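Please keep the sequence and the coordinates at hand while reading.

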Amino acid sequence: MSGPGTPRRSADPAQQDTAGTGERPAEHFDRRLIPPMIVGSILNPINSTIVAVALVPIGVAFGAPPSQTAWLVSALYLATALGQPVVGRLIDLFGPRRLFLISTSLVGLAGLAGTFAPNFGVLIGARVLLGFGTCAGYPAAMSLLRSEAERTGNDSPAGVLTTLAIAGQTIAVIGPSLGGLLIGVGGWRATFALNIPLAVIALLLGALRLPRPAGPRPDRGRGAAAELDLPGMALFAALLVTLLLFLMNPHPSSWYLPLITVAAAVAFTLRELRTAVPFIDLRVLRGNTPLLATYARGLVAYTVSYAFLYGFTQWAEEGRGLSPSQAGLVQLPLFLMGIGISALTGRRKSILGKLVVGATGQLVACALILLLGAASPVWMLLVVALVFGVPQGLNNLALQNSVYFQADRERMGSSAGLLRTFIYLGSMIASVATASAFGQHADTAGLHHLAWFMLGAGAVFLLLTLGDRGLRRAAAEARASESPDT
């Protein structure tokens with residue numbers, strides 16, 4: 001197979017010049033790439049959702065309160081927030097195949113480590129490894145989309161993006177329910193063991209379907225270390241790690257952590273602005289306000305989304321008294337509604353409209369949470385989850401399409417990875433907010449405190465959307481490139 005972005009001759013005579021005119025029918029997206037793209041992209045959502053129903057059993061097993069089990073969420077997303085742009089940059093340089101295979105191998109190792117973890121610390125380490133292992137799926141898919149668009153001359157990714165979004169949401173439907181089932185059959189360790197067969201499937205599909213690199217890039221005169229900007233990556237890691245450590249325990253004794261965060265941020269900015277090949281090209285981002293606004297929307301939108309996923313699920317188990325299996329089933333309406341909304345709106349051209357409706361839906365759902373109590377009937381919980389499904393189906397698609405049309409073509413992998421970094425920063429903020437709201441017990445008072453926080457974040461999301469004129473330009477590009485060939 002040829003490498004990303006290089007023409008591939010079709011073996012199908014229908015794709016060849018049949019009349020001697022020098023013209024060929026337009027080539028189509030190579031659909032053999034879709035299975036590995038889907039499997040790679042679902043590794044992160046399944047590990048995000050399945051752990052939601054495992055937090056309480058894990059806490060019981062190791063004597064850890066919600067303020068500590070929150071690290072199982074934050075550890076994965078800290079690793080992913082750092083790893084996504086790193087792996088995205090590596091994909092930009094070396095192509096998706098190699099990074100996909102390495103990353104999915106780590107998923108299998110993490111599954112083994114979690115399955116046999118002797119203590120809580122090893123379990124957190126397994127989640128960190130999972131975070132790094134699930135980094136390649138999304139930027140690899142976006143890179144393949146761009147290379148296929150260049151090969152075929154068809155710049156309309158709506159159909160494939162919709163397929164990926166629905167696949168992610170479908171697996172999110174399965175996640176909580178499957179997690180509850182696995183816990184019932186084999187305990188919480190089974191939720192880690194699931195990653196072993198998933199990694200094997202991903203490795204086989206990646207090895208068989210993903211295109212091999214065509215050869216060294218002609219401009220590879222510089223060393224790999226220079227192109228990777230290792231100092232920039234190290235400063236970015238220091239920034240994220242110290243920020244999260246402080247947010248997870250904002251105590252006066254940790255006064256030095258925000259100072260390190262600020263110092264790392266300043267040093268990172270100076271480094272990226274001055275180096276010839278930056279890890280994150282701040283010069284490009286500085287001139288691309290619409291893309292920066294998209295990243296900000298991703299952060300606040302997913303702060304709300306993840307706060308609901310983890311906070312609501314823990315409350316359903318501990319505050320409402322449901323079993324892990326029942327708490328997983330309560331999440332089903334959210335993801336089923338999300339799948340339906342994605343399928344109905346995936347090919348529609350509007351980006352702004354989807355985001356406005358998505359932001360409004362989050363606000364309505366957060367307000368409904370304030371009506372819940374320890375004695376609330378199960379149907380009320382299902383209604384709240386159903387309402388949350390509307391923004392679940394709209395926001396992901398709209399953000400993906402925004403990045404696709406706003407990002408620099410040469411940095412599609414790292415730009416897509418950076419969107420996920422902001423999304424995972426939102427998840428870390430949500431984890432911190434959940435731990436702060438619940439403390440030692442996931443009770444109703446804590447849920448209501450969390451709901452007020454979510455309402456504030458949802459309001460910011462709506463304001464960022466309504467005030468962004470760049471969204472109209474992105475929507476115009478999407479309409480201009482619309483084609484039925486995906």
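In this predicted model, F308 and F312 both belong to helix 14, where they sit 4 residues apart, or about one turn of the helix. An α-helix has 3.6 residues a turn, so residues three or four places apart point the same way. The rings of F308 and F312 form a stacked aromatic pair, with 4.6 Å from centre to centre and 20° between the planes. F308 has a relative accessible area of 1%, and because the limit for burial is 20%, F308 counts as buried; F312, likewise at 1% relative accessibility, counts as buried too.

The structure holds 11 aromatic pairs in total. Another of them joins W255 and Y256 in an edge-to-face arrangement, the centres being 6.1 Å apart and the planes at 90°. Elsewhere, ring pairs link F62, F120, W188 and F192 into a cluster.

For Y310, once neighbours within four places in sequence are left aside, the residues in contact are S48, V51, A52, L55, V73 and Y77.

Helix 20 runs over residues 444–466, and its 23 residues reach 33 Å from the first C-alpha to the last, close to the 33 Å expected at 1.5 Å a residue.

At the level of the whole chain, the model contains 21 helices and 0 strands. Of its 486 residues, 58% count as buried, while the accessible surface comes to about 18,700 Å², with 67% of that area belonging to carbon and sulfur atoms. Among contacts between residues at least 6 apart in sequence, 84% join residues at least 24 apart, and the contacts of Y310 with residues including S48 and Y77 give a local view of how separate parts of the sequence meet.

Conventions. Residues are numbered from 1 along each chain as its sequence is written. This is a predicted model: local features need pLDDT of at least 70, side-chain atom pairs count only at pLDDT 80 or more; totals for chains, interfaces and linings use all residues. Side-chain values use heavy atoms; hydrogens and water are left out. Helices (H or I, at least four residues) and strands (E, at least two) are DSSP runs, numbered from the N terminus. The expected span of a helix is 1.5 Å times one less than its number of residues. Contact means heavy atoms within 4.5 Å. Rings of Phe, Tyr and Trp (its six-membered ring) pair if their centres lie within 6.5 Å; planes under 30 degrees apart count as stacked, over 60 as edge-to-face and the rest as tilted. Buried means under 20% relative accessible area, exposed over 50%, partly exposed in between (1.4 Å probe, protein chains only). Accessible areas come from the Shrake-Rupley method with a 1.4 Å probe; for residues, only the protein chains shown count as cover.
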